[in-house]
Amino acid sequence: MAHKKKKKPKKNKGTMKWSQLSMIGVGCTIGTGYFLGSAIGIKQTGSSIAISFILAAIGTYIVFNLLAKMTSDDPHTGSFCYYARKAYGDWAGFSSGWNYWCSNILIMGSQLTALSTLSQFWFPKVPLWIFASGYAVLAIGVVLLGTKGFDKAENFFAVIKLAAIVMFIIIALCAVAGWIKGTGQSPKLEIEVSKIFEKGFRGFWASLIYAFYAYGGIEVIGLMAMQLKKKEDAPKSGTVMLIVLTIIYVASLILAVSLVGYSAFNEKESPFVTALKDYKLAFFPHVFNACIIIGGFSTMTASLFGVTNLLVTMSDSGDAPKAFAKKIKKMRNLPLPSLGLATAGLILSIVTALLLPGKIYEYITTAAGILILYNWIFIILSSFKLLTEKKLDKVFGIFGLLLLVAAVTGTLAEKEIMPGFFASLALVAIIAIVTIKVTKQRKDATEST
């Protein structure tokens, strides 16, 4: 791939308020990682899942805050890929971008499979591929609406998801207060340390990855920060978003564990449905199943929007064929070639998800999720070179790195997902080989001219 001169950052006036970006952040983040994945985390560590989510929130905040500061200092549509390149060179920008693109394509495929399985709750005889195809078409339709249409859709999804979580918290509080009677054990908030860490440190360590999954999506917000009227408001939008998420995540999970105890949870059912199963609320499983579908669909659509726009900026910087930078003016300046490649990758991922044995694909998607955390690590490392930080900021950055490393290595503490860690190393190796080859081609091309 021939090396191109780097384009100067495009000026972007932006029309979005910081509060709108916060709401979009909530919409892009709350998905199956929270509604479903948290059940596995609870099973791993019990009541201490709340501490896992607080630590993950701190780690996520550190990453977003540093990304937002870099955006404020040097606004650029390439976001974390641009900053990686600026800090460490072309190899960093190339590997960071394709690492993110590949991991999101795989994650979107697994999300579509999950959405299809959840839809069979109402229509058990409908084949999975029909649901998967339908959700994929709907997601592409949302992206085709352009940035404004995407913003409105994510705001709408965010309101629905927040309303569902608040509804659970209210019902759970009524159950704890004894106003709603169930047929199971009496609700009990665990306050003894021995009870909170009943599964020990190993279980707590393994649960960190599930907590971080629930906060995944900040990269999309980093990419959308260019739409702000005031780029310096990016840190504020992330702070508000994460405060809201942390409060509702922690409160809902503490209540869920208090209602039935950690042993009742399993990975096939939302922890919030499990928590209220003994209270005979006929409407609740249907409402929450719909909310899980909406949550998964919105985060999947956000990922599709993110990888589509990222591929355009990668093309501009020479990390992808220049054809992918082409936008169709008659269609709201949409990057159709980029969306086309993302769609092709998505279809391949869906087919793979439906054909491969469940565990093998689960390992691949777990690895893809870990790759996202590798991107977050790169964001922190880039900030160390690009930002003039105070000593305290450096300390926070190092603490963020330690949290991310703990989450990634925590997968080694759980036999079920341990293969995902090694699969992530294999994927990194493949990306590294391609990066070395492309970097060499660029160097040869430069020397020949």
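Q: What does the secondary structure of the protein come to?

A: This predicted model has 18 helices and 0 strands.

Q: How many of the 449 residues count as buried?

A: The share is given as a percentage: 54% of the 449 residues are buried. Sequence separation is another thing to read. Among the contacts in the protein with a separation of 6 or more, 81% join residues 24 or more positions apart.

Q: Is α12 enclosed or exposed?

A: Burial is counted residue by residue. Because 19 of its 27 residues are buried, α12 is largely enclosed by the rest of the structure. Just after the helix comes G261, with a positive phi of about 85 degrees.

Q: What span should the residues of helix α14 have?

A: The reasoning is again 1.5 Å a residue, so the 33 residues of α14 (residues 284–316) should span 48 Å. The end C-alpha atoms are 48 Å apart, in agreement. Of these 33 residues, 27 are buried, so α14 too is largely enclosed by the rest of the structure. Just after α14, G318 has a positive phi of about 85 degrees.

Q: Where is F284, and which residues does it touch?

A: F284 lies in helix α14. Its relative accessibility is 1%, and the cut-off for buried is under 20%, so F284 counts as buried. Leaving out residues up to four places away in sequence, F284 touches M167, F168, I171, F272, V273 and L276. One of these, F272, is 12 residues from F284 along the chain, and their C-alpha atoms are 9.3 Å apart.

Q: At what angle do α4 and α12 pack?

A: A packing angle is read together with the distance between axes. Helix α4 (residues 49–73) packs against α12 at about 170 degrees, with the axes 10 Å apart. Angles over 145 degrees count as roughly antiparallel, and α4 and α12 are therefore roughly antiparallel to each other. From α4 the contact includes I49, F53, A57, Y61 and F64, and from α12 it includes L242, Y249, L253 and V257. By class, this contact has 16 nonpolar, 6 polar and 1 charged residues.

Q: Why do residues three or four places apart in a helix point the same way?

A: An α-helix has 3.6 residues a turn, so residues at that spacing point the same way.

Q: How are α4 and α5 placed?

A: The angle between α4 and α5 is about 75 degrees, and their axes are 10 Å apart. That angle makes α4 roughly perpendicular to α5. The contact is made by L67, M70 and T71 of α4 with S79, F80 and Y83 of α5. These residues divide into 4 nonpolar, 2 polar and no charged.

Q: How do helices α5 and α6 pack?

A: Helix α5 (residues 79–88) and helix α6 (residues 90–119) pack at about 155 degrees, with axes 6 Å apart. They are therefore roughly antiparallel to each other. Their crossing is right-handed. Among the contact residues are F80, A84 and Y88 of α5 and W91, F94 and Y100 of α6. The contact divides into 8 nonpolar, 3 polar and 2 charged residues.

Definitions and conventions. Residues numbered from 1 in each chain as written. Predicted model: local features only at pLDDT ≥ 70, side-chain atom pairs only at ≥ 80, totals over all residues. Heavy atoms only, no water. Buried < 20%, exposed > 50% of the residue type's maximum accessible area, 1.4 Å probe, protein only. Helix = DSSP H or I, 4+ residues; strand = E, 2+ residues; numbered from the N terminus. Axes fitted to C-alpha atoms, helices over the stretch in contact; angles between N-to-C directions. Parallel < 35°, antiparallel > 145°, perpendicular 65-115°, else oblique. Left-handed = near helix turned anticlockwise from the far one by under 90°. Contact = heavy atoms within 4.5 Å. Nonpolar A, V, L, I, M, F, W, Y, C, P; charged D, E, K, R; others polar. Expected span 1.5 Å × (residues − 1).
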